[in-house]
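Below is a short report on a protein model.

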Amino acid sequence: LVRADAPPIIVGSAEDEHAVAVAAELRSLSIEPIFVDAAVLESTPYSLSHEELTLRLPGGAVRARLDSSSRGWIRRLAPPHWRRAVVSGSRDAAIRGAWMSLVTAIAGADEVRWLTPLGRLFLCENKVRQNLAAERLGIATPDSAVVSNREYIPSRLGDMLVVKPLGSAAFTDTAGDEQVVWTHEMTRQSPLLDKLGGAPFLVQKRVRAKRHLRVVTVERRSWACALDATDLPLDWRRHDDAHMAFVATSEPSVEGEAVRLAEELGIGYSSQDWIVSSSGAYFLDLNPAGQWLFLPNAVASEVTKAIALWLAA
Amino acid sequence: MTNTIAESGASNLYDALAEPAPPTAEKGDTILTAAKETIDNDREEAEGSVLLGSR
């Protein structure tokens, strides 16, 4: 088990519900993880020297070894909205960048065995990279393209299209309000497609879902939950109730493909979206740091336990 | 559901399609991207400084 001088490192906040759940599971194994993120570093006396990080917490100093004796899980580099409203190039941006450099010096430590290394997390957030990896493995995905002009949308995508942002789907507007860009369905003739040049969006062939699947992988294990697509909008996240309507299911083929895809991408954890249509199952996209606690408890608790056991190994 | 409510004058699909986020939106899932943007910006600024000969 874990060496006393090399506790598991959770890069995230002790107030993040997913990190809290994994930490509770570790404590049930008598293992106390060390939490560190940009906000923790900013508010805690610390030292980082050679391969040792020391946090001088109110209850006493805790130490993490940034070497091969440690395992770690990167949940979040910083809490939501941490120093977010900063003008690029400003003094505040330099200060934020300094904190971010420190946290990435820790989360990017090559010697630590991370569930998913930082570099893989960044690369594998990219939907184009995800689709290419799926195609390499022969996993079905809706045919797609990223184009600057509507005339470049391949004819094979058909007349009904699905459009989703290639970058973040959520942002804070100038008034400070949270905004979201859902996945949208539109016809090839839609005037909205004149705006493709303003920011890259992924354009996909419309595949009608009978069921949505959320598949979670931890290393070589996977769990599938299903949501009936009947009466739901294209993007089920629009319906608050849908989050709690997933049911645990068994989809051995999809679960196996999900693990293969995660291995191909080099990520130890993934939260994947699939759909089941009349013509079979299709991989849509994945989040290498996505949420799982909204899934049925039988699945959510297994995922939590699997991450904790990996950290404790 | 086919979208027909494009914001007039929007020059990109973010402006055209953005809506107020409900509480259930997976907001936290974007922080990794936000952090990456920070790192990318910082790197670009650092590289820009090098190109400009400021260090």
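How much accessible surface does chain B have, and what share of it belongs to carbon and sulfur atoms? The accessible surface of chain B comes to about 3200 Å², and 54% of that belongs to carbon and sulfur atoms. Areas come from the Shrake-Rupley method with a 1.4 Å probe, and for residues only the protein chains shown count as cover.

The model is predicted: local features need pLDDT of at least 70, side-chain atom pairs count only at pLDDT 80 or more, and totals for chains, interfaces and linings use all residues. Residues are numbered from 1 along each chain as its sequence is written, chains are lettered from A and ligands numbered from 1 in the order in which they are written, and side-chain values use heavy atoms, with hydrogens and water left out.

**Chain B**

Chain B has two helices and one strand. Helices (H or I, at least four residues) and strands (E, at least two) are DSSP runs, numbered from the N terminus. The order from the N terminus is α-β-α. Chain B has 55 residues, and 42% of them count as buried. Buried means under 20% relative accessible area, exposed over 50%, and partly exposed in between (1.4 Å probe, protein chains only).

**The second largest pocket**

The second largest pocket has a volume of about 310 Å³. It is lined by 18 residues, and the closest to its centre are A:Ala14, A:Phe35, A:Val40, A:Leu55 and A:Leu57. Three elements of chain A give two or more residues to this lining: strand 2 (34–36), helix 2 (38–43) and strand 4 (52–57). Helix 2 of chain A gives the most, with three residues.

The terms are grid-based. On a 1 Å grid over the protein atoms alone, a pocket is an open set of points with protein on both sides within 12 Å along at least five of seven lines, whereas a cavity is a set where a 1.4 Å probe fits but cannot get out. Lining residues have an atom within 4 Å of a point. Grid points are joined across faces, edges and corners, and the volume is the space filled by probe spheres set on the points.

By class, the lining holds 11 nonpolar, three polar and four charged residues. Nonpolar covers Ala, Val, Leu, Ile, Met, Phe, Trp, Tyr, Cys and Pro; charged covers Asp, Glu, Lys and Arg; the others, Gly among them, are polar.

A:Ala38, A:Val40 and A:Leu41 lie in helix 2 of chain A. A:Leu55 lies in strand 4 of chain A. A:Ala38 counts as buried because its relative accessibility is 0%. A:Val40 also counts as buried, at 16%. A:Leu41 is buried at 1%, and A:Leu55 at 0%.

| Pair | Sequence separation | C-alpha to C-alpha distance |
|---|---|---|
| A:Ala38 and A:Glu263 | 225 residues | 29 Å |
| A:Val40 and A:Val147 | 107 residues | 41 Å |
| A:Leu41 and A:Trp99 | 58 residues | 7.8 Å |
| A:Leu55 and A:Arg238 | 183 residues | 41 Å |

**The largest nonpolar core**

The largest nonpolar core has 30 residues. Those with the most contacts inside it are A:Ile10, A:Val22, A:Trp73, A:Trp292, A:Val303 and A:Ile307. The elements of chain A that give two or more residues to this core are helix 1 (17–27), strand 14 (211–218), strand 15 (221–228) and helix 7 (297–312). Helix 7 of chain A gives the most, with nine residues. Such a core is a set of buried Ala, Val, Leu, Ile, Met, Phe, Trp, Tyr and Cys residues joined through side-chain atoms within 4.5 Å.

**Positive phi and cysteines**

Most residues other than glycine have a negative phi. A:His50 has a positive phi near 50 degrees. A:His50 lies in the loop between strand 3 (46–49) and strand 4 of chain A. A:His50 counts as exposed, at 79% relative accessibility. A:Asp231 also has a positive phi, about 65 degrees. The loop that holds A:Asp231 runs between strand 15 and strand 16 (247–249) of chain A. A:Asp231 counts as exposed, at 73%.

A:Cys124 is buried, with a relative accessible area of 2%. A:Cys225 is buried too, at 0%.
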